[in-house]
Amino acid sequence: MEAKDFYTVADNHVLKFTEQTDLTEDEKWLIALGGIFSSLAGDYVNSIETGRTNQEIRESLRKHWLINDRAAFEHAALRLAIGEKRDLYLSRLKMLRRFFDFHDNANVAVKFVAKFSPLLAVDWYQTRTKEDLRKVAREKLELDRLAKPGNKKSEELFALLKNANEWRKKLDCVADYHQVNDLVAWDAVCLVNLARCATQIHFIDRTEFVKYAGAIKKQVQAAYNSWNEAALAYLMGTFLWQYSESKAKTVIRTTCQYLEDPRTLVHSVKFK
């Protein structure tokens, strides 16, 4: 089971806060990071307690992570910390960036064609650059041929390309897309929230929360310069995992809501 299976993105319109919090400084930093996901899921964005019942959490961990005890949690946390799929998603990001850079510098005709036919734009790119994106996708990214009908990942990738101009403009409101060169935030945000759940149902003690949730905190701080950049990397991770136009709108809107609300911890806790 992968980090992506930890949750189903909700279309949450209201951030949830709990009145009673007793967080340490280390805990505040981690909850600020985890809030990028909490805002989507409808969990509390300012506490270790999620706001869900213990029964709901146990069922979610059992169903999506096959976690029923501390040992299983520790195994899942380790897999997130070492980033089992991180290189795969980073390869996808690099591939898309090469295409987008070409697209940005292309003439008006190519941009027009790309808007309505991603396949023709990809073919044009390959003709001009001598790079076979189909081969890269198939051999290095664990994807079948991009144009293969009925292939879900192919369809998602083409939807991502087709709607690139729209979602990239929206991402500019969060941070500079070109500054994101690492997707460690994808794993880190999930790790924080997994540790929150494990703490609430007593798989681990409160004193152990920082140990597990903060296992890759230094990597996150080294990879990004601000909360916004970390949030942008998390957004890119969601797109590269599973893209749809409706999901993109939901994730971007809710993340911006979280970053802009003055009550959230990102406004009181320094990123570095």
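A polar contact, as the term is used in these legends, is a pair of N or O atoms within 3.5 Å, where within protein one atom must be able to donate a hydrogen and the other to accept it.

**View 1. The polar contact between Asn193 and Ser38.** In this predicted model, the side chain of Asn193 makes a polar contact with the side chain of Ser38, at 3.2 Å. Asn193 belongs to helix 10, which covers residues 184-200. Because buried means under 20% relative accessible area, Asn193, with a relative accessibility of 2%, counts as buried.

View 2. Helix 1 comprises 17 residues, 25-41, and from its first C-alpha to its last it reaches 24 Å, which is close to the 24 Å expected at 1.5 Å a residue. Most of helix 1 is covered, with 13 of its 17 residues buried.

View 3. The protein chain contains 14 helices and zero strands, and 54% of its 272 residues count as buried. Among contacts in the protein chain with a separation of 6 or more, 78% are accounted for by residues 24 or more positions apart. The protein chain exposes about 13,100 Å², of which carbon and sulfur atoms supply 51%.

Methods:
Residues are numbered from 1 along each chain as its sequence is written. This is a predicted model: local features need pLDDT of at least 70, side-chain atom pairs count only at pLDDT 80 or more; totals for chains, interfaces and linings use all residues. Side-chain values use heavy atoms; hydrogens and water are left out. Helices (H or I, at least four residues) and strands (E, at least two) are DSSP runs, numbered from the N terminus. The expected span of a helix is 1.5 Å times one less than its number of residues. Buried means under 20% relative accessible area, exposed over 50%, partly exposed in between (1.4 Å probe, protein chains only). Contact means heavy atoms within 4.5 Å. Accessible areas come from the Shrake-Rupley method with a 1.4 Å probe; for residues, only the protein chains shown count as cover.
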